[in-house]
Amino acid sequence: MALGVMIGALNLKRMQKVALCILYPITTPIGIAIGVGVHNAFNPNSHGLILTQGILNSLSAGILFYNTYTELMSEEISHNVAFRAYAPSFKAVCFLAMYVGAAAMAIIAIWA
C-alpha cells in the first residue's frame, strides 16, 4: 500500500504509473526463477560464495541499522515534542536501552 501511495504521488503519466504497478509484483517471481536456476549451478562450499554471502549480509545489516537509527529514531526523538519534554535521566535511560538492544542484536547475529 505504501508503494502505491508513492507511485501515485510521482509526477508521471498514467501509463508509466500503471507500468510501475505491474512491474513491481512480478520482480519477486522473476527473482525466484533466477534463484532456482542458479541453485543448481553453484557449489555451496565455494570460497567465493561464502565471501559474497558475508558481504551481502553485512550490507543488509548495515542498511537495517542505518534506517533504524537515522529515519525511525529521528521521528521518535528529534521530531517528537513529548520526548523533548522528558527529564534528561529518562532520555539517558531510553538511549541506553536503544544501544543495549542494538548490541544484543549484534551478538545474536553471531549465530545467525
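**Reading helices and surfaces**

Author: Let us begin with handedness, bearing in mind that this is a predicted model: helix α3 passes helix α5 in a right-handed crossing.

Reader: Within what distance do the axes of α3 and α5 come, and at what angle do they cross?

Author: The axes of α3, which covers residues 47–77, and of α5, which covers residues 88–109, come within 13 Å and cross at roughly 160 degrees. Because angles over 145 degrees count as roughly antiparallel, α3 is described as roughly antiparallel to α5.

Reader: How is the pair α1 and α2 arranged, parallel or antiparallel?

Author: For helix α1 (residues 2–9) and α2, the axes come within 10 Å and the crossing angle is roughly 155 degrees, so α1 is roughly antiparallel to α2. The handedness is again a separate item to read, and α1 passes α2 in a right-handed crossing.

Reader: Which class does G31 belong to?

Author: G31 has its place in helix α2, and with a relative accessible area of 40% it is partly exposed. V38 is likewise placed in α2, the helix that spans residues 14–39, and V38 counts as partly exposed because its relative accessibility is 46%.

Reader: Which residues form the nonpolar patch on the surface?

Author: The patch consists of L23, I26, I30, I34, V38 and F42, which together have about 530 Å² of accessible area. V38 therefore illustrates how a residue that counts as partly exposed, at 46% relative accessibility, can take part in a nonpolar surface patch.

Reader: How far apart in space are A9 and I34, and how many residues apart are they in sequence?

Author: A9 and I34 are 25 residues apart in sequence and 32 Å apart in space, taken from C-alpha to C-alpha. For G31 and S58, which are 27 residues apart along the chain, the C-alpha atoms are separated by 21 Å. M98 and L20 are 78 residues apart in sequence, and their C-alpha to C-alpha distance is 37 Å.

Conventions. Residues numbered from 1 in each chain as written. Predicted model: local features only at pLDDT ≥ 70, side-chain atom pairs only at ≥ 80, totals over all residues. Heavy atoms only, no water. Patch = residues over 30% accessible without salt bridge, like charges linked within 9 Å, V, L, I, M, F, W, Y side chains within 5 Å. Areas by Shrake-Rupley, 256 points an atom, 1.4 Å probe, with all protein chains shown as cover. Salt bridge = Lys/Arg side-chain N within 4 Å of Asp/Glu carboxyl O. Helix = DSSP H or I, 4+ residues; strand = E, 2+ residues; numbered from the N terminus. Buried < 20%, exposed > 50% of the residue type's maximum accessible area, 1.4 Å probe, protein only. Axes fitted to C-alpha atoms, helices over the stretch in contact; angles between N-to-C directions. Parallel < 35°, antiparallel > 145°, perpendicular 65-115°, else oblique. Left-handed = near helix turned anticlockwise from the far one by under 90°.
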